[in-house]
Every structure is written in structure tokens, then in C-alpha cells.
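I opened the notebook to record what I looked up in this model, one entry per topic.

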Amino acid sequence: MSSPDVPSTKQQARVAALQWGLVQAFLLDTFAQLLRNYYRATTEAFFPPDWVTSIQFAAPFGLVVGGIGGYRWVTNRNAATSASAHRSRVVFVGSLVAGWTLAIVPTMAFQSILGERLYTVPFFVLPTLTAISVFVGSYVLAYRVGTEWYRQNRGRLLGVVAGAVAGFFLGMAGFVAYGEYLIATRTNFSLDGGLGIAVVACLGAVGGYVLTERSGTGDRAVEFLVIFLPSVLTLSLLMGLSSVALAVAGISVPGFNSSLTTLFVPIVLSLGLASYLAYGAETAVYQRFVGG
């Protein structure tokens, strides 16, 4: 009979499925990104060959295949199912998802500093090096950092990540809104919000650290992330698909195809929903999914 402190096999299998699927999708996407930037830096063509694009399009397929393999790995009793092994998988998955989401922030900063030189030799490898750093950092945090150190700093780490993610998407929403304002009021303008978005993400990280330090717990921060990231991805996808469907059907809805609808609205709605459920209703989606 298993210890009550050890999550159920189903909960462990869910996390293992996420781990395997995310790793495969991450590796495919990172490899495709490196090839795409390589072709852009070394040839006159702006777009890479079709076979490079197909690698990136295969990332969701890798997520599914890896997820099935990870799930069966646990349910077939081939994996360690101790509480410590499960904790390591949870930390790895969370770190990889958060790091992958925020990896665009340093890339934006690089582009603001280097401009088009980012896509020349040797600077084109910087986005890939950022992605590799995310993967290595996730592995070190999950499998090489002492349990006691992680327990002591967990709240601060989660607060920083939640604040950075919220800041990044708030920066994106602000950039979209300002861009739409310029489109409506000017006929000629130049807009680059990369550095501004990076700064807002950094300020959000500082704010998340301060708030979590005061509250003394990171449970609400991780709950916010678990609700917000799927929400913003799902709403953005639904808005995009709805826009395409209306265009195919020949139905014109004023303003629906703008970035305010496809990006700004999903971000604002998701931030409001995640904030309310995590900090107001104090839901426990994270605990129910992973156990403990």
C-alpha cells in the first residue's frame, strides 16, 4: 500500500506525460528555430526551406507522442514513483513551461540592442543559446538542486516567475493597444516594443518577488500560472480560429480581425480570470492535477 504522501499513479502519469511531451516539443522547436535563423543569417532568403518549417510544425505532434510515451512509462511501472521523483518531474515541467514562455524576453532585448544584426553571423545563435539555458536551468533546478534549498526558496522563485509572466503579457497587451492607437491616428509610424516589454517583464518579476516575500507562500503564484497560461493560449487560439472562420464565410465584423481582439482581449480576460481564481476564490487546480 502506497504512502498517503505519495501522489497517485494517475497523477504521476499526468506529470510524466507533460514532461516527455514538452521535452520533445521543445527540442523540435529549438532545433527548427536554430535552422531558421541560420538560413536567414547565411543566405539571401528571408524564409527557410519547407523542410525546416515542417520540423517546427512537428512540435505539437512531438508533444502528443511524447505525452503518450511518458504516460505509459509510469503506468507500466517502468518509472520511479517515489514522492521525490514526482517532485523532480513537477519542478522540471514547471520550470520548462515558465522558462520557455519567458525565453522571448531576452530575445526581444537582443533584437532591440542589435537590430537586424541579430540575424547575422554569429549573433543568430543567441535565441538558441537562450533556449538551451532554459532547458539546462530546468534540469539543474529539478535534479541537481538540493531539496532543502528548493523548499526554502520555492515561494520566491514562483513569485518571480508569476510576476515576470504577468508583466510580459501586460507589456504585450500594452504594445498591442498602443499599436492599434497609432494605426487609427497616424498614417506613418515606426513601432518597436521589444525593449519596453522586456522592461515590464523585469518589473513584474521584482513585484512578484516582493509580494511573495510578504505573503510567505508561492502556492497562489503557481496556481495563477497554472490557470493563466492555458487560458491565454486557449482564448488566443479560439479568437484566431474564429477570425479565420468568419473570413472564410465572408462575414465582416468591424474590428474583429484586429490584434485588439486576437491578442489584447485574450490577455486581459485571462489575467482577470487567473487573478480571481488564484487569489480571490483560492482554487486548487494545481494540487488536484499533480497531487499533494
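**Entry 1: serine 84 and the ground rules**

I began with serine 84, which lies in helix α4, residues 83-102; helices here are DSSP runs of H or I with at least four residues, strands are runs of E with at least two, and both are numbered from the N terminus. The model is predicted, so I note that local features need pLDDT of at least 70 and side-chain atom pairs count only at pLDDT 80 or more, while totals for chains, interfaces and linings use all residues. Residues are numbered from 1 along each chain as its sequence is written, and side-chain values use heavy atoms, with hydrogens and water left out.

Serine 84 has 48% relative accessibility and therefore counts as partly exposed, given that buried means under 20% relative accessible area, exposed over 50%, and partly exposed in between, with a 1.4 Å probe and protein chains only.

**Entry 2: salt bridges**

How many salt bridges does a search of the whole structure find? It finds three, where a salt bridge is a side-chain nitrogen of Lys or Arg within 4 Å of a carboxyl oxygen of Asp or Glu.

I took arginine 40 and glutamate 116 to begin with, whose side chains meet at 3.3 Å, N to O. Arginine 40 lies in helix α1 (residues 9-42) and glutamate 116 in the loop between α5 and α6, so this pair ties together parts that are 76 residues apart in sequence. Arginine 40 is partly exposed at 24% relative accessible area, whereas glutamate 116, at 55%, counts as exposed.

I then turned to arginine 151 and glutamate 148, which form a salt bridge at 2.8 Å, N to O. Both residues lie in helix α7, three residues apart, or about one turn of the helix. Arginine 151 is exposed at 54% relative accessible area, and glutamate 148 is partly exposed at 46%.

The remaining entry on my list was aspartate 219 with arginine 154, a salt bridge at 3.0 Å, N to O. This pair links distant parts of the chain, with aspartate 219 in helix α9 and arginine 154 in helix α7, 65 residues apart. Aspartate 219 is partly exposed, with a relative accessible area of 30%.

**Entry 3: backbone geometry**

Arginine 77 is not a glycine, yet it has a positive phi of about 65 degrees. I found arginine 77 in the loop between α3 (59-75) and α4, where it counts as exposed at 59% relative accessibility.

Glutamate 282, also not a glycine, has a positive phi of about 55 degrees. Glutamate 282 sits in the loop between α10 and α11 (285-290) and is exposed, with a relative accessible area of 53%.

Which two residues does a cis peptide bond join? I noted valine 121 and proline 122, with omega at about 5 degrees; proline 122 lies in the loop between α5 (104-114) and α6.

I recorded a nonpolar surface patch of about 480 Å², made by Leu129, Ile132, Val136, Tyr139, Val140 and Tyr143. Patches are made of residues with over 30% relative accessible area and no salt bridge, like charges being joined within 9 Å and nonpolar side chains (Val, Leu, Ile, Met, Phe, Trp, Tyr) within 5 Å; areas come from the Shrake-Rupley method with a 1.4 Å probe, and for residues only the protein chains shown count as cover.

Valine 140, one of the patch residues, is placed in helix α6, residues 126-143, and is partly exposed at 35% relative accessible area. Glycine 137 is also in helix α6 and is partly exposed, with a relative accessible area of 37%. I looked up glycine 137 against phenylalanine 123, 14 residues apart along the chain, and their C-alpha atoms are separated by 22 Å.
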